[in-house]
Amino acid sequence: MTDVITRADPKPDLPVAPKRGSSKERWIRRAPLLPGLIFALIVTQVPFLFTLVLSTLDWNALRPGDRSFVGIDNYITVLSDSRLRSALVNTVLLTAGAVIFSMILGLLLAILLDRKFFGRSVVRTLLITPFLVMPIAAALVWKHALYNPAYGLINGIFGGSTDWVSSYPKAAVIATLVWQWTPFMMLILLAGLQSQSEEVLEAARVDGANAWQIFTRMTIPHLRQYLELGALLGSIYLVNTFDAIFSITQGGPGQATTNLPYEIYLTTFRKFEYGEASAAGVIVVILTIIVATFALRVISSLFRMEESR
Amino acid sequence: MTTLAAPARRKRKITDSVWGIVAWIAGIVFVFPVIWMVLTSFKQEQDAASNPPSWVFTPTLDQYMTVFDRNITPFLLNSLMASVFSTLLVVLLATPAAYALSLRPVEKWTDVLFFFISTKMMPAVAALLPVYLLTKNLGMLDNIWTMVILYTSMNLPLAVWMMRSFLLEVPREVLEAGEVDGAGLLTSIRKIILPIVSPGLAATALICFIFAWNEFFLAVNLTATNAGTAPIFLVGFISSEGLFLARLCAAATLVSLPVLIAGWLAQNKLVRGLSMGAVK
């Protein structure tokens with residue numbers, strides 16, 4: 001959907017330096033790559049080029065045959081529309097909320113699981129289970145079986161008759177996402193904790209460092225890359241959240257939980273404003289490229305870490 | 001020495017088991033919504049909608065019967081087709097590509113690798129309209145093969161990165177020794193590479209399967225009655241039936257089951273797949 005994002009970092013050493021062979025040899029090397037690369041180019045880049053073209057047209061599908069070139073008018077409409085701005089803010093809030101809370105919970109759980117105890121692998125299996133439930137099923141179950149004011153489990157256990165979804169729409173969506181994504185963060189952070197060298201930790205203990213000092217001075221710096229990776233990958237997935245909003249709040253009440261994917265979906269398939277939806281899509285892609293450039297930098301540093309092992 | 005160490009060791013043992021209990025409680029709290037979903041799916045509707053929640057009830061399979069009566073089977077088969085075929089296609093495209101990006105790298109292999117991952121970062125919503133219009137014009141709306149192609153492109157970057165990380169584990173010396181002994185490409189693939197990467201191949205396939213099976217956004221916009229997948233059944237079920245909690249839970253349990261099983265089986269490889277091979 002976009003062009004190659006070039007990285008600012010120096011390239012890691014090649015595992016095997018490609019030989020400067022004849023052009024025939026080079027094509028033999030490329031041959032296994034081509035089917036996958038061409039497939040990805042066609043399926044992901046062509047639609048995006050098409051979006052660019054559509055974004056310059058005044059095209060509402062309810063007025064067939066009436067399509068005219070309007071240049072950047074759609075962009076002006078979309079950028080001056082408060083709906084898009086509020087969708088942008090909601091996207092940031094929902095994504096950041098879900099990523100931060102799932103990260104904190106994931107870290108706590110990873111620390112718990114880093115110890116040896118009876119049935120550790122069973123507990124790990126229990127903990128990853130929320131991540132495996134189909135997202136749309138999870139969202140529907142949370143909405144109807146947990147949040148429902150009359151017979152939902154939350155009010156059933158704690159009493160009261162709070163209508164969670166309409167009183168706290170953002171929190172309701174975030175809680176569901178956090179529940180699903182905490183296992184993901186936990187797995188990444190647990191891998192980070194377990195990659196700490198036991199000998200170094202032991203040496204610190206012998207030198208008289210207490211558990212808190214070891215945690216803040218050694219474990220957290222060691223985990224930094226893993227925290228970054230978890231935050232980035234989590235954001236990549238969560239910024240596209242659609243299932244939970246579609247089924248829990250339908251973007252409401254009002255626009256309280258309408259994020260960019262849901263807003264564009266509404267513009268496309270409810271208002272049929274194809275031109276405006278495309279312009280919004282292009283804007284989202286540009287924003288993503290900005291964020292992704294930073295993301296790729298972090299990923300490539302991790303990638304070097306893996307390479308050097 | 002021993003008299004000093006014993007209480008300390010006992011104290012450590014006690015703290016360990018206390019934290020163990022805390023971990024167990026956390027695990028049960030986390031999994032509880034799933035347990036509740038499964039429990040509710042075995043209730044009668046009046047038990048499911050009771051307040052306070054009913055913990056003791058006579059289990060029944062009625063809700064599952066109803067779900068099958070409402071014809072969930074074609075939706076499950078569509079999901080199975082879309083997931084299995086897209087996973088096969090992904091593996092067929094990604095494995096050779098990963099080979100050309102790891103063991104025998106092409107020039108500019110890092111750029112290619114980052115091109116793949118950048119396609120994963122792009123929001124699907126930006127491509128939705130053109131994809132919708134193109135498939136409509138090609139007469140491919142509500143067609144399972146459209147979903148196979150889209151899911152393939154959705155999972156391809158993940159699979160390329162993952163397979164590359166597994167292929168890098170093939171010891172170079174062994175490969176070179178094989179070449180010196182006159183092993184051709186096919187022989188070294190069969191005798192050296194495949195045995196080492198096959199667990200990785202299986203994990204890659206399982207993760208692609210999970211993502212394809214759970215996909216909702218493209219499915220809800222591009223499929224309807226013919227090619228509708230399991231998530232589409234779930235959504236349609238709610239709107240056509242009104243709210244029947246126990247029935248909803250039965251359907252939700254049923255559609256989640258394949259991925260739950262796949263994920264439990266692959267859990268040791270899950271983190272590596274989700275981090276695209278960056279975390280082992």
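## A buried aspartate

Let's start with Asp142(B), which is buried at a relative accessible area of 16% (buried means under 20%, exposed over 50% and partly exposed in between, using a 1.4 Å probe and protein chains only). Asp142(B) sits in the loop between helix H6 (125-137) and helix H7 (144-167) of chain B; helices here are DSSP runs of H or I with at least four residues, numbered from the N terminus. Its phi is near 55 degrees, a positive value in a residue other than glycine.

## Ground rules

This is a predicted model, where local features need pLDDT of at least 70, side-chain atom pairs count only at pLDDT 80 or more, and totals for chains, interfaces and linings use all residues. Residues are numbered from 1 along each chain as its sequence is written, chains are lettered from A and ligands numbered from 1 in the order written, and side-chain values use heavy atoms, with hydrogens and water left out.

You'll find Asn71(B) in the loop between H3 and helix H4 (73-100) of chain B, partly exposed at a relative accessible area of 44%.

Pro53(B), in the loop between helix H2 (45-48) and helix H3 (62-69) of chain B, counts as buried because its relative accessibility is 10%. Leaving aside residues up to four places away in sequence, Pro53(B) touches Leu153(A), Gly156(A) and Trp36(B), where contact means heavy atoms within 4.5 Å.

## Where the chains meet

How many residues of chain A are in contact with chain B? There are 106, and they meet 106 residues of chain B. The area buried between the chains is about 9500 Å², with carbon and sulfur atoms giving 78% of that; buried area is the accessible area (1.4 Å probe) that two parts lose on being put together, summed over both. Leu132(A), Met134(A) and Tyr151(A) supply 8% of what chain A buries against chain B, more than any other three residues.

## The core

The largest nonpolar core has 186 residues. Such a core is a set of buried Ala, Val, Leu, Ile, Met, Phe, Trp, Tyr and Cys residues joined through side-chain atoms within 4.5 Å. Leu33(A), Leu101(B) and Phe116(B) have the most contacts inside this core, while helix H9 (residues 169-194) of chain A gives the most to it, with 16 residues. Not counting residues up to four places away in sequence, Leu101(B) touches several residues, including Leu33(A), Trp109(B) and Phe116(B).

Technical notes
Helices (H or I, at least four residues) and strands (E, at least two) are DSSP runs, numbered from the N terminus.
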